[in-house]
Amino acid sequence: MTASPTPKLIIAAAETAQPIDLTTQKTWTLGRSSINAIVLSEGSVSRHHAKLEVVDNRHCYFVDLNSSNGSQVNHVRVTEPLLLKHGDVITIGATDIRFHFPYVTHSGSTVPFRPKQVLMMQESATQGIIWQEILCSQGFDVRWIPPSSDLQKRINLDATANVLPDLLLVNIDAYRGDALAFCTWCNNTYPQLPLFLTLSSNAEAAIVETPATLPSGLGRILPALPCDQLSEKLDLFVEHLQSLFEKICDYPVDHQDLAASLASLDSILDRPSIPPVNAHPVDDDLDDFTILDSKRNPLAS
């Protein structure tokens with residue numbers, strides 16, 4: 001039996017790539033200090049630079065702890081807790097750290113068939129993780145492919161290995177090319193592969209039929225999913241899943257498992273309220289023992 005997939009960090013060093021299994025603890029601190037879980041010994045890195053919060057052993061938030069030189073994810077400075085997706089690259093100082101969690105399996109599903117395989121490319125971690133979790137609740141297995149990947153090449157390789165996915169779910173903003181041209185290619189080359197496109201967060205709120213703009217057989221474009229109070233929008237999610245099920249399977253949406261998944265997502269997506277572990281500034285010129293001793297024995301006022 002193969003081990004269940006787990007989220008990992010891959011730290012790229014000069015000659016090595018060190019993987020870290022994030023499920024072994026809930027909080028991972030990063031910084032120059034030796035008391036951190038992950039030590040980055042560079043002068044441009046603060047002693048207590050950032051942290052990672054792991055939720056339910058499958059989701060991860062990155063938090064910059066008001067560090068002097070800041071942190072970046074995918075070349076964008078982090079100013080608030082950020083939910084990570086597969087392929088995201090954290091940059092702290094001169095160190096690149098990749099979040100690796102490409103394959104998520106369903107758990108506890110009662111669907112009496114081989115799990116359907118979904119290949120998914122999403123620009124937004126939040127949108128992607130919502131899709132991931134609601135699909136997993138229905139017995140699907142989900143593989144992520146980063147936006148920078150050559151999707152056409154990946155599908156050709158899967159076809160050569162006779163492992164084409166049962167569903168392709170591609171965000172229009174994530175695809176680095178002409179999405180409509182890709183749709184035409186996919187429809188002509190692999191007509192048996194259902195392809196759904198998803199829109200960005202500012203898209204309209206209803207499912208959009210597009211027979212006039214997309215090649216026949218592609219089905220629908222799906223709008224962005226809501227990101228808050230998901231449990232109150234069960235019917236909307238049922239509608240989205242039913243539009244997928246019409247193309248790839250003949251069993252109904254499991255409302256109970258979907259409702260449980262939405263409740264869990266409500267809890268996960270509320271995590272931006274995570275506070276930093278240290279609310280006061282740390283003097284980078286002090287050694288760790290001095291800092292710890294000053295906490296134990298504060299000067300009398």
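Me: What covers the buried residues of α5?
Reply: The cover includes β5 (50-55), β6 (59-64), β9 (82-83), α1 (125-137) and α4 (234-248), where contact means heavy atoms within 4.5 Å. Helices (H or I, at least four residues) and strands (E, at least two) are DSSP runs, numbered from the N terminus. This is a predicted model, in which local features need pLDDT of at least 70, side-chain atom pairs count only at pLDDT 80 or more, and totals for chains, interfaces and linings use all residues. Residues are numbered from 1 along each chain as its sequence is written, and side-chain values use heavy atoms, with hydrogens and water left out.

Me: Which residues of α5 are buried?
Reply: They are Leu258, Ser261, Leu262, Leu265, Ile268 and Leu269; buried means under 20% relative accessible area (1.4 Å probe, protein chains only). Seen down the axis of α5, they fall within an arc of 120°, taken from the directions from the helix axis to the C-beta atoms, so they line one face of the helix.

Me: And what caps the N-terminal end of α5?
Reply: Asp254 does, with a side-chain oxygen 3.1 Å from the backbone nitrogen of Gln256.

Me: Changing topic: which residues does the ring cluster link?
Reply: Ring pairs join Tyr175, Phe182, Trp185 and Tyr190. Rings of Phe, Tyr and Trp (its six-membered ring) pair if their centres lie within 6.5 Å; planes under 30 degrees apart count as stacked, over 60 as edge-to-face and the rest as tilted.

Me: How many aromatic pairs does that rule give?
Reply: The count is five. One of them, Phe245 with Tyr251, is edge-to-face, at 5.5 Å centre to centre and 70° between the planes.

Me: Is Phe245 buried or exposed?
Reply: Phe245 counts as buried because its relative accessibility is 4%.

Definitions and conventions:
Buried < 20%, exposed > 50% of the residue type's maximum accessible area, 1.4 Å probe, protein only. Polar contact = N/O pair within 3.5 Å; in protein donor to acceptor, adjacent residues only side chain to side chain.
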